Amino acid sequence: MYRKILLTLDGSDLAREAVPHARELALALHSEVTLLEVVDSVAHLLAQTATIEPIAAGGVTADVAEEAVSAQRAAAQEYLAVEQQELRDAGVEAVETVVREGRPTEEIEAAVQELGADLVVMATRGRSGLRRAVLGSVADHVVRHTPGAPVLLVHLDPAR
């Protein structure tokens with residue numbers, strides 16, 4: 001049980017709070033861990049900036065968006081490599097890293113299926129009511145739309 005753990009991270013201190021939980025499960029169960037970070041896609045960046053005042057009369061170009069995504073990808077790979085080494089140093093033998101581009105909810109769902117993950121570990125602020133409805137919740141979506149893999153949510157104080 002729980003041979004392949006998918007640990008979602010985004011570079012934040014909040015997301016990192018889930019690492020000890022995944023580490024302890026992996027050590028106790030001799031599980032593989034895949035660290036996943038989802039970065040923006042070029043299409044998403046262009047869509048986000050389409051409504052912003054045009055920059056230098058040309059707006060954000062595909063080249064600029066590609067550079068931004070490339071920088072996000074490089075930062076994510078660097079961050080995940082550090083987390084990977086810390087897990088290995090703690091005794092977790094099988095730790096892989098994956099960086100995907102797109103919407104976090106969709107990419108997490110796809111990664112669960114493609115990697116054959118049988119447990120997802122992620123942190124959540126635990127927002128409720130209007131704040132969750134307005135801001136959305138990746139964790140809520142993953143819990144509701146990821147068949148085949150239970151989701152362990154590390155609930156943190158919303159004030160953090």
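Predicted model: local features only at pLDDT ≥ 70, side-chain atom pairs only at ≥ 80, totals over all residues.
Modeller: Residues are numbered from 1 along each chain as its sequence is written, and side-chain values use heavy atoms, with hydrogens and water left out.

Biologist: In what order do the strands of the open sheet stand?

Modeller: Strands are DSSP runs (E, at least two residues), and helices are runs of H or I with at least four residues, numbered from the N terminus. Two strands pair if DSSP finds at least two bridges between them. The pairing here is parallel, and the 5 strands follow the order β3-β2-β1-β4-β5.

Biologist: Which strands stand at the edges?

Modeller: An edge strand has a single partner strand, so one side of it is left without a neighbour in the sheet. The strands placed like this are β3 and β5 (151-155).

Biologist: Which residue in β4 stands opposite Leu7?

Modeller: Strands β1 and β4 run parallel and are joined by 3 bridges. Across from Leu7 stands Val121.

Biologist: Is Ser31 buried or exposed?

Modeller: Ser31 is found in the loop between α2 (19-29) and β2 (32-39). Leaving aside neighbours within four places in sequence, its contacts (heavy atoms within 4.5 Å) include Tyr2, Ile5 and Val92. Relative accessible area under 20% is buried, over 50% exposed, and in between partly exposed, using a 1.4 Å probe and protein chains only. At 5% relative accessibility, Ser31 therefore counts as buried.

Biologist: At what angle do α5 and α7 pack?

Modeller: Axes are lines fitted to C-alpha atoms, for helices over the stretch in contact, and angles run from 0 to 180 degrees between N-to-C directions. Pro104, Thr105, Ile108 and Glu109 in α5 meet Val138, His141, Val142 and His145 in α7. With their axes 9 Å apart, helix α5 (residues 104-115) and helix α7 (residues 138-145) pack at an angle of about 40°.
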